[in-house]
Amino acid sequence: MLGHFLPYLLGRRLRAVVWPDATGERVGVVALLVFMAGYGAGFGLLLSHRDSDGISEMLPELLVVLNAAWLVSALLVDFVPTLRPVTRPLPEHFPVSARQNVVTAFLLDLISLRRLLIAVFLLAALVVAPRHGLVPGFSLLLVLAGAVLSFNVRLLGALRRWRHPLLLAHAATLALMVWWILHPAQPYYTALGVAMALLPCALWATQLYWVAPSFSARYLPADPAHAAGRALDRLPLEWKVYTRKAWLSLLMGLVIKVLLVGASGLFFVKNGKLTSQGFFYVAFLPVVGFTYANNNLFGFLGDMAANELQRLGLTSRLLVLYARVVGPVVLVDCLLSAVLVLALFPPSLWHLLGLLPLSAAGLAAIGLWGSLYKAKQVVKTVDFANMRNNVSSLMSLFSAGFAAVLYFVPWWWLRVLLAGLVTVSAVWPLRAVLANEGGLRRRLWHGIGA
């Protein structure tokens, strides 16, 4: 039965992705495919001239960025903001075995617009530069390996096998992929690329015979969406609310940080100096998280803040709430910046790490001012066009301006003085909260739309 039904399912899935019913979506998909084919052809032309001086120096670093983007895209979509569960594509009463259901689920999972766009890009490059086909060919294998790895992990999650021994093998596979991406000029690059592609497939076959027989209604949760979000459910209440509302803003901040700081470290460091400052400081310092979310924390936590105001008024509990949410976010942001700088920048630029604690303290103070005095109701959260409207433009300007002055001022004594003054300014809102100031209480109440 599956031999007749599987081509039908795959055809329907492919048609839904490539040729959606809505005319606007259909035009958008076709335009994206054309654009990706054009960019892929351009990449192929670049490969055709890889022996020229400028391109030969730039190409290894460009391959690192592109392959890292393919791998990150393969994992982020399936695991952020929550785990995308693997579900049985065929009902239990169909005469199809659990293993056949796993195969069907994997093939359907493999067909997505994101993977199709990446494949079109790499195939176009392969057509334009067939003599250098190993480069796009191995990138295609990386995309496939990332998809297989993602499915393997999510299948174990669907079966609630989070302590399964194969998880260690999957972690080793991911480490192998990262090592292969970061060392494009090594003599073992080709052999390692083959191993990187074959190992996830071998683990997929192992899981097909080891755990796939449990892929039935007896072992699967009745509500896979709830099961996928169980890790989120274990978080404290404020983190549940914050993560569900601010995940897109936080993800955008991390993506911008990795892209800008990574590109600066790979392409704009010459002779131990950063040749192009540009907007590097915006990504390096923890600015984006504040301009997109944390400058209006009580707006994102509107119901919780309104509950506190109605029951107790302004108390230290609101300050603790701010610290418990903003503190870990800023810590992760600064740690990621530190890792990128230590990994990609020469020691002559490591002194920039001293700006991280200074900026974190000052931005946290500005965020507290904005969250209390410039709070606004957050209506639409998962919306790229509306993200900047969720935070006061004035507070975003203050945050970006403080970060720019802190970064570009050449004297460390002035940097410390500036950060200290901005941080100490938080005493004003702290005293107003602890005094349960009526004007601030009413302002915050109306600001969050309570």
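This is a predicted model: local features need pLDDT of at least 70, side-chain atom pairs count only at pLDDT 80 or more; totals for chains, interfaces and linings use all residues.
Helix α2, which comprises residues 23-48, contains 26 residues and spans 37 Å between its first and last C-alpha atoms, a value close to the 38 Å expected at 1.5 Å a residue. Along α2 the buried positions are V29, L33, M36, G40, F43, G44 and L47.

Two packed helices are described by the angle between their axes and the distance between the axes. For helix α15 (residues 302-311) and helix α21 (residues 438-447), the axes come within 10 Å and cross at roughly 145°, and the crossing in which α15 passes α21 is left-handed. The contact is formed by A306, L309 and Q310 on the α15 side, which meet R441, L444 and W445 of α21; by class, these contact residues comprise four nonpolar, one polar and one charged.

L444, which takes part in the contact with α15, also belongs to the largest nonpolar core, a set of 68 residues in which Y242, F284, F298 and L444 touch the most other members. The greatest contribution to this core comes from helix α16 (residues 316-344), which supplies 12 residues. When neighbours within four places in sequence are left aside, Y242 is in contact with W247, L250, A293, N294, L297, L301, V325 and V329; of these partners, V325 and V329 fall within the residue range of α16. Another core, of 51 residues, lies apart from the largest one and includes L63, V86, F121 and F138.

Key:
Residues are numbered from 1 along each chain as its sequence is written. Side-chain values use heavy atoms; hydrogens and water are left out. Axes are lines fitted to C-alpha atoms, for helices over the stretch in contact, and angles run from 0 to 180 degrees between N-to-C directions. Helices (H or I, at least four residues) and strands (E, at least two) are DSSP runs, numbered from the N terminus. A crossing is left-handed if the near helix is turned anticlockwise from the far one by less than a right angle, and right-handed if clockwise. Contact means heavy atoms within 4.5 Å. Ala, Val, Leu, Ile, Met, Phe, Trp, Tyr, Cys and Pro count as nonpolar, Asp, Glu, Lys and Arg as charged, and the others, Gly among them, as polar. The expected span of a helix is 1.5 Å times one less than its number of residues. Buried means under 20% relative accessible area, exposed over 50%, partly exposed in between (1.4 Å probe, protein chains only). A nonpolar core is a set of buried Ala, Val, Leu, Ile, Met, Phe, Trp, Tyr and Cys residues joined through side-chain atoms within 4.5 Å.
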